[in-house]
Structures are given as C-alpha cells and as structure tokens.
Amino acid sequence: MLTLKSVHSYYGSLHVLKGVSLHVRAGEIVALLGANGAGKTTTLKTISGLLKPRKGQVEFQGEDISRLSAEAIVQRGIAHVPEGRRVFSSLSVAANLELGAFARRDHQAVKSDLQEIQERFPILRERAKQPAGTLSGGEQQILAMARALMARPKLLLLDEPSMGLAPRLVKQIFAIIRHLQETGTTILLIEQNARAALKVADRGYVMETGRISLDGTAAELMDHNEVKRAYLGKGYQEVWEE
Amino acid sequence: MLLQQILNGLTAGSVYALIALGYTMIYGILGLINFAQGELYMAGAFATVLLLTAYKVNFFVAFFFGMGVAAVLGVILERIAFRPLRGGHPLVPLISAIGASIFLQSLALLLFGPADRSFPIQFEFAALEIAGVSVSTLQLAIFGAALFFMALLVAFVKYTKFGKAIMATALDQDTARLMGINVDRMIAITFFIGSALSGAAGIMMAIYYNTTYPRMGLLPGLKAFSAAVLGGVGNIPGAIVGGLLLGVAENLGAGYLSSGYKDAVAFAILIIVLLVRPKGLLGGRSH
Ligand SMILES: Nc1ncnc2c1ncn2[C@@H]1O[C@H](COP(=O)(O)OP(=O)(O)OP(=O)(O)O)[C@@H](O)[C@H]1O
Ligand SMILES: [Mg+2]
C-alpha cells in the first residue's frame, strides 16, 4: 500500500533521512522504532507531505506522491496524527473534529461519522463545546486520533500516541489502535514504548541516524538481542543470560 | 457634552475597529503587521467615489464595488509583496508592507492628484435629539454598518467551515495542512476579508468627512494599528473593543483637553499599552 524507496529528506542543509526504504501492506500495523533523533518523525512528515524528499520516492497505492502537497495527500487517504497531538487549542472539540473532515465532500457521511466517533469516544461529545486546549493530555490524544479518523483514512500515521500518558490511558490508546486495524485501517506507528508497539504490530522497522537498521516481524524484533537491549529496556546482563 | 463625545467617539471608533480587524486577522495568520492597511482604506474610498462620479450607479453598488476593489488589491498585495518573502526574517515583510504603503500612496497621488474630492452623492441626513445629545442619522448609519460587518465577520470565523479553517491555520499551519487545508488559500481569503473591511471603513469616512484624497489612510491606519495593539494583536474581539475604546478616548481627549490633542491621544494610548500591557487588553497571540 505504501512504499518508500531510498528516501532522502533535509531540513535546510541538514541531511536527516539518508535513504529510508520501507513498506506497509494493506491491513497491517507496522511499528517504526528508534532512538531520539533517529528520524522517525521526519519519515512521517515526508510521507504526509509536510516535507518534500529531495531524493527517492514515496508510493501510495501505486502512485508516486512524493511531489504532492500535504493537502493532496490527505485526499489520497493518508491521515497523520502529529507528535505532541497538536490539537487546535482555542477551537472547540467539535470544531477540531470537523476540521479533520475538511477535505471531504461527502457531507452526509461526515455527519454520520461524527456521530459514530462521538459515540465511540463519549468524552468528545461531553466536551464538544469546550476549547480543545482545556482537555487533559490523554483526552487530547484521543481527540487528535479521532480528528484524523474524520478524514476516513486508508492509512493512519501515528507519531508517539502514548507519549506522556498514564499506563491506563496507554492501554486505551493501544486498544483503539487494535480496533482500528480490525475495522480495516492500515497503520504506521511510531512508539517509544517498543514493547507495547511490537505487541500490536505485525511487523516493525528500527531506525538509526536516518537509516533503517533492522526490520522483521514483530516477533522477530521482540526476540532480537539488539532490540531487547536498546528498546525493550533490558540490560546487557539479561540479554546475555537469555 | 460627555455623552456627545462618547457618541462621536463610538462612530469613529467603529471605523477604526473595522481597519483594526484587518490588522489583527492578518497578524493572526501570518505574524505580519500589514502597514498598507490604510492604503486599502483609501483605495476603497477612491474606487467608490470614482465610480459614482463616472456612472450613475446605485450607492450600494458603488459601496460593494469599493469594498471589492480594496479586497482584490489586498489579495494582489499578499501575492506579490508578502508571499515571496515568507519564511525569511520577520522584519523583511514588515519593510515590504511599509514599502507597499508608500507605493500605493504615491500611485494614488500620481493617478488622482493631491486634491480633495467631495463625495459625489449628497445624502439628506437628519439630526436627531436624543436625551440632549444631537445625533445625526449618518453617525447612526456608520455605527450600524460597522457593527453589521463586525457581526458578519465574527459569525464567519465562528460558524463557517472556512472561518474555522482560517483559525486553525492561524494556530498551527503544519497541522492545518494535515487536515487538508490549503494554507495559501486561507491566507488569501484572510487578506480578501481584511482588505474589504478596510475598504468599507474608507468609504464610510469618505462620506462622513466628505473628502477623499491619497493620504487619507495614513492616520486612520496608524490609529487602527494602535487599536489592534490596545485590544491585543491577533485577537478579533480585541480589535473591536480596542477600536471603540480608542475612538471614545480620542474624542474625550479632544473635548476635555483641546481638539489639537485628538491625534496625540491615540498614540499616547499606544505607548502606554505597550509599556503597561504589551499583550493588549484582551491578550494577543504570540507569533
Ligand atoms: N524542524 C526541524 N528543523 C531542523 N532540524 C530538525 C527539525 N526537526 C527535526 N530535526 C532534526 O532532525 C533529526 C531527526 O528528527 P526527528 O524528529 O525525525 O527524530 P525522531 O526520531 O522523531 O526523534 P524523537 O524520538 O525524539 O521524536 C534530529 O537530529 C532533529 O534535531
Ligand atoms: Mg519524533
């Protein structure tokens, strides 16, 4: 469904992605792991069009989207939930959700989707009139994901959805992710919480300084010594003894 | 006397508020003070006056024509004077705005000459006496029209899809783009609306003072800027409150001190606000 072919991206003269290749098949959850500054967020920005790759290709459903604007890419069916939630803080919760469907023209369906999402996340209905900035961090994350779902995406890009949330909320977020997969949404997921990510994911990639250093099925990665040591929080000793 | 000054102040203030809305909306979305706002006010007035002089059209047609000319000019200005400079140092578009302001003023001088033009239509306005205060129906009409445009703008921003998209763009451009919002288009719409409001203000003042000339936008432009700062730049209700307060303050200053101090009051307020409450009365947006 999505294929990146040796993508190079820059911030000005700073070379951040140095030939990233990866793919996501329809219906999969793919985890993208890596240390801080590895270029995970930059990869998502390059897919959603906030950043244009200087070399390489981004293909979505057989079409090269690497030269399209972010607006056009949303319309192709890719929704990106950015790092740090980025809800429109002074706009109401309801307005945030409506803006998620900005690019859609099927107004009747948008209305029923809004109903459906508000039923699934009752908090978003209760707080509909409240400025989004007054929600708690967890509620804002749910709002950011719900807002992206309002675009009816085929592919959802999630950038650290569990960042800074209490364990109970992290669980809820992952339950939502799993549910989305069951309902047919394909997901590319960035997570600091590698264990939780690999639990829901089918496959995963590990990034290091702008390159993919490892890839495999979730089970393979979970079992990989390097991954265990660096991302699953086990010491050398434990890895060694296993 | 007091009531009289307040009333005169509200009339002038509602016009400042209209221009201030342009400043504040454009600042909100681009972080740019468009110092050519006063020239769009002048352009609106000239377009209406010239059309009415040349053709016998209905006043309202001429009014909307003037607003339209100002709006289109604003959009062109954004396209050629600001868009190419986006992403650079914030002082660069500011200098470009000042340049555009001088350019438009000189262009008007060249095209239309320095002379004052009176408004081509003579309206029959009655003077009413309400509670010992004399009010002209012209003042009421200006105040009413200004409030109408403000209400329209607030409703647009609050309740329409594009209004919300403009707010979203002002808050966070990248995330707005992720919603499928075309940021360039939102900026163009903002310039269109802000400039149309300034144009309307210019036309109303061209009727009120019965004069139209190339430099007519200079002082109202600067005062409206003060009004926007007073209310908090980037804040829409702030621009309205700031405009009205400024109008009232300067008329009280003129009435109780000396009419010579009228213009000084506006700028004294600007300086005091910047010193005491740099974010404005209702709080502005940082950019
Ligand atoms: N807007 C930017 N301008 C310049 N450099 C940037 C920008 N955003 C990120 N970078 C740099 O690009 C590199 C990769 O950043 P990126 O945000 O993609 O990392 P990440 O893998 O998402 O990290 P984290 O886990 O901390 O979110 C970093 O060195 C970062 O400093
Ligand atoms: Mg990141």
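This note sets out numbered points on the predicted model shown above.

1. Basis of the note. The structure is a predicted model, in which local features need pLDDT of at least 70 and side-chain atom pairs count only at pLDDT 80 or more, while totals for chains, interfaces and linings use all residues. Residues are numbered from 1 along each chain as its sequence is written, chains are lettered from A and ligands numbered from 1 in the order in which they are written, and side-chain values use heavy atoms, with hydrogens and water left out.

2. Extent of the interface. Contact (heavy atoms within 4.5 Å) joins 23 residues of chain A to 18 residues of chain B. The area buried between the two chains is about 1900 Å², and carbon and sulfur atoms give 66% of it. Buried area here is the accessible area (1.4 Å probe) that two parts lose on being put together, summed over both. On the side of chain A, the residues that lose the most area to chain B are A:E71, A:F88 and A:F102, which together account for 36% of what that side buries.

3. Three salt bridges are counted between chain A and chain B, a salt bridge being a side-chain nitrogen of Lys or Arg within 4 Å of a carboxyl oxygen of Asp or Glu. B:R177 forms a salt bridge with A:E71, with 3.5 Å between the closest N and O atoms.

4. Make-up of the chain A side. Helix 2 (70–76) and helix 3 (93–100) of chain A are the elements that give two or more residues to the side touching chain B. Helix 3 of chain A gives the most, with four residues. Helices (H or I, at least four residues) and strands (E, at least two) are DSSP runs, numbered from the N terminus. The residues of this side divide into 10 nonpolar, seven polar and six charged. In this division Ala, Val, Leu, Ile, Met, Phe, Trp, Tyr, Cys and Pro count as nonpolar, Asp, Glu, Lys and Arg as charged, and the others, Gly among them, as polar.

5. The magnesium ion. Ligand 2 is coordinated by A:T41 (OG1) and A:E83 (OE), at 1.9 to 2.7 Å. A:T41 lies in helix 1 (residues 40–48) of chain A and A:E83 in the loop between strand 6 (78–81) and helix 3, so the pair ties together parts that are 42 residues apart in sequence. Donors are N, O and S atoms within 2.8 Å of the metal (3.2 Å for Na, K and Ca); water is not among the atoms, so the site may look incomplete. A:E83 is partly exposed, at 31% relative accessibility. Buried means under 20% relative accessible area, exposed over 50%, and partly exposed in between (1.4 Å probe, protein chains only).

6. Salt bridges in the whole structure. Over all chains, 17 salt bridges are found. One of them pairs A:R152 with A:D113 (2.8 Å, N to O). A:R152 is in the loop between helix 6 (137–149) and strand 7 (155–159) of chain A, and A:D113 is in helix 4 (residues 107–120), 39 residues apart. A:R152 is partly exposed, at 47%, whereas A:D113 is buried, at 9%. A network of salt bridges links A:R104, A:D106, A:D113 and A:R152.

7. Salt bridges within chain B. B:E78, which is buried at 0% relative accessibility, forms a salt bridge with B:R83, at 3.1 Å between the closest N and O atoms. The side chains of B:D174 and B:R177 also meet in a salt bridge (3.9 Å, N to O). These two residues are three apart in helix 7 (residues 173–178) of chain B, and are therefore separated by about one helical turn.

8. A buried serine. B:S14, in helix 1 (residues 2–30) of chain B, is buried, with a relative accessible area of 0%. A polar atom of the B:S14 side chain lies 2.8 Å from the backbone oxygen of B:T11. Leaving aside residues up to four places away in sequence, B:S14 touches B:I142, B:F143, B:A146, B:M150 and B:L244.

9. Positive phi values. Most residues other than glycine have a negative phi. A:R86 has a positive phi of about 50° although it is not a glycine, and lies in the loop between strand 6 and helix 3 of chain A. Phi of B:N210 is also positive, near 50°, and B:N210 is placed in the loop between helix 8 (183–208) and helix 9 (218–231) of chain B.

Technical notes: A polar contact is a pair of N or O atoms within 3.5 Å; within protein, one must be able to donate a hydrogen and the other to accept it, and residues adjacent in sequence count only if both atoms are side-chain atoms.
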